[in-house]
Amino acid sequence: MASSLVFYFVGVLLLVHSGYSSFEFHKLTVLSHYSGSLPVDIVAEAVVGILIIVIGSISSIKNLPVLSLKGEKVYHKSTYLKFIEMKNAVTVAEKVGLSDYDELKNRIGFINIVNKRKEYTEWLASGQTKA
Amino acid sequence: MSDVLLAKNRLLVISSSGAFANFNPLQLQGVYDELDTFLTGHGDSLDSIELFTLYELQFYLSVMTNHDIKAKSILDRLLDQFGSNKKSQRIKLLQSIYLEAVGEKAAATKLLEQNMDETLLSRRLVTFTRNNENEADNEEYISTLNFYLNLSPSDLVAWAELAHEYTRSGHYDKAVFCYKEILLQEPHAYPIFYQVGLNYYYQFLQEERNLKTDKKDKIVEMTQLLSYSRDNFLRSIEICDVYSLSWVGLYALTGLKFNDKLAKVKEVSGYLAKNDKLRELSEKKIKQLLPEQDLAEVLLQLK
């Protein structure tokens with residue numbers, strides 16, 4: 001994140017500088033009745049500034065860590081992009097304790113709420129709450 | 001990334017995946033407390049979609065942990081926000097779950113029966129035929145699920161529920177059929193390939209228990225079940241090679257005593273040929289994926 005801020009700072013600085021240079025150039029052409037085109041170094045400075053901002057924004061898109069169901073921090077294998085091949089793409093989800101097919105496993109619409117409550121009551125009564 | 005954001009994302013994932021439905025009481029209590037603390041401290045910083053998703057989770061957790069007053073207050077808040085939308089099946093479902101939890105089953109049935117075109121609610125109505133006293137005896141529930149699936153054959157969750165019920169009642173061949181229906185629509189569902197493999201394995205164990213003869217034909221027939229089971233475990237691993245349950249299944253299959261009988265049968269030599277290699281590979285992979293667990297403990301996961 002810090003490195004992308006440096007990119008943004010340098011990129012914006014170059015853009016502002018090239019903009020000011022362009023403004024100065026146009027003022028000068030009006031005063032001196034010069035009809036030439038914008039100098040190449042000002043155009044190049046603007047292009048380099050934009051490129052640096054783009055690089056900064058791309059480098060700021062990083063895969064962030066996630067908390068697993070057990071509460072442990074899980075990091076992605078790849079820093080910037082996610083894997084395309086399914087075998088690799090599902091690795092992080094498995095580490096977190098999830099999959100794209102959890103709906104079929106958990107079946108919340110079919111939950112047996114009566115038994116779940118009974119199970120919880122029995123657990124409370126058994127005194128294992130601190131286990 | 002701040003801890004608050006991590007905690008929020010975790011709670012949202014628990015809600016969207018429905019993972020809480022399979023939590024044990026200790027986990028339920030833990031998440032209930034965590035969510036309560038989170039909403040008290042950071043509820044104001046959430047956008048409306050996140051907030052109401054977490055309220056829905058809090059409702060389910062409150063009902064499951066017998067916090068009925070809390071559940072009712074969340075339900076009222078959700079009704080205040082969305083109650084004007086009479087077509088919302090999601091809200092009606094929550095209402096029916098609350099009514100069922102507090103013992104007002106008749107009122108819940110009435111609510112769910114209002115419009116038979118509301119699939120989500122009809123599906124919930126099916127669960128009312130479940131035998132809560134004896135879960136192994138669920139013939140009526142199974143026949144109602146079959147009736148529902150005749151009307152709504154593309155409901156994969158219902159197929160998964162039916163398969164689960166068949167597995168529980170020992171009809172492993174029928175469970176396999178249900179899981180295969182899911183695979184027709186979700187051909188990369190590796191947990192379902194594992195379930196197919198597991199049910200073939202259970203079917204094999206069932207037949208092995210009843211085996212009274214050492215006739216070659218019967219042994220070949222049973223080896224076919226093992227072969228199907230192995231193929232499905234391997235397909236699951238092919239899609240997701242860190243899915244530990246399939247590796248455990250493979251390890252269990254390759255270590256069966258029944259395999260000793262097969263050495264004398266020429267017809268199944270092809271099945272046996274790769275057994276040793278697969279056993280070695282599965283053992284290595286299980287140690288890698290589940291380093292803290294003993295192999296004997298790991299096998300209990302299949303029970």
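In chain B, helix 1 (residues 3–17) and helix 2 (residues 25–42) pack at an angle of about 125°, and their axes lie 11 Å apart. Helices here are DSSP runs of H or I with at least four residues, strands are runs of E with at least two, and both are numbered from the N terminus. Axes are lines fitted to C-alpha atoms, for helices over the stretch in contact, and the angles run from 0 to 180 degrees between N-to-C directions. Helix 1 and helix 2 of chain B are therefore oblique to each other; angles under 35 degrees count as roughly parallel, over 145 as roughly antiparallel, 65 to 115 as roughly perpendicular and the rest as oblique. Their crossing is left-handed, a term used if the near helix is turned anticlockwise from the far one by less than a right angle, with right-handed used if clockwise.

The model is predicted: local features need pLDDT of at least 70, side-chain atom pairs count only at pLDDT 80 or more, and totals for chains, interfaces and linings use all residues. Residues are numbered from 1 along each chain as its sequence is written, chains are lettered from A in the order in which they are written, and side-chain values use heavy atoms, without hydrogens and water.

The contact between helix 1 and helix 2 of chain B involves B:Val4, B:Ala7, B:Lys8, B:Arg10, B:Leu11 and B:Ile14 from helix 1, and B:Val31, B:Glu34, B:Leu35, B:Phe38 and B:His42 from helix 2. Contact means heavy atoms within 4.5 Å. By class, the residues of this contact comprise seven nonpolar, one polar and three charged; Ala, Val, Leu, Ile, Met, Phe, Trp, Tyr, Cys and Pro count as nonpolar, Asp, Glu, Lys and Arg as charged, and the others, Gly among them, as polar.

Chain B as a whole has 17 helices and zero strands. The C-alpha trace of chain B spans about 70 × 50 × 30 Å along its principal axes. Of its 303 residues, 51% count as buried, that is, under 20% relative accessible area, with exposed over 50% and partly exposed in between (1.4 Å probe, protein chains only). Among contacts in chain B with a separation of 6 or more, 54% come from residues 24 or more positions apart.

A further helix pair joins the two chains. The axes of helix 5 (113–126) of chain A and helix 5 (residues 89–101) of chain B come within 9 Å and cross at roughly 50°. These two helices are therefore oblique to each other, and their crossing is right-handed. On the chain A side A:Ile113, A:Val114 and A:Arg117 take part, meeting B:Ile97, B:Glu100 and B:Ala101 of chain B.

Helix 3 (residues 86–96) of chain A has the buried residues A:Val90, A:Thr91, A:Val92 and A:Val96. These residues pack against strand 1 (66–67) and strand 2 (73–74) of chain A, and also against helix 11 (190–209) and helix 12 (216–239) of chain B. After helix 3 of chain A comes A:Gly97, with a positive phi near 100°.

Two residues other than glycine also have positive phi. A:Arg107, with phi of about 45°, is found in the loop between helix 4 (102–106) and helix 5 of chain A, and counts as buried at 12% relative accessibility. B:Asn66, with phi near 65°, lies in the loop between helix 3 (48–64) and helix 4 (68–82) of chain B, and counts as partly exposed at 27% relative accessibility.
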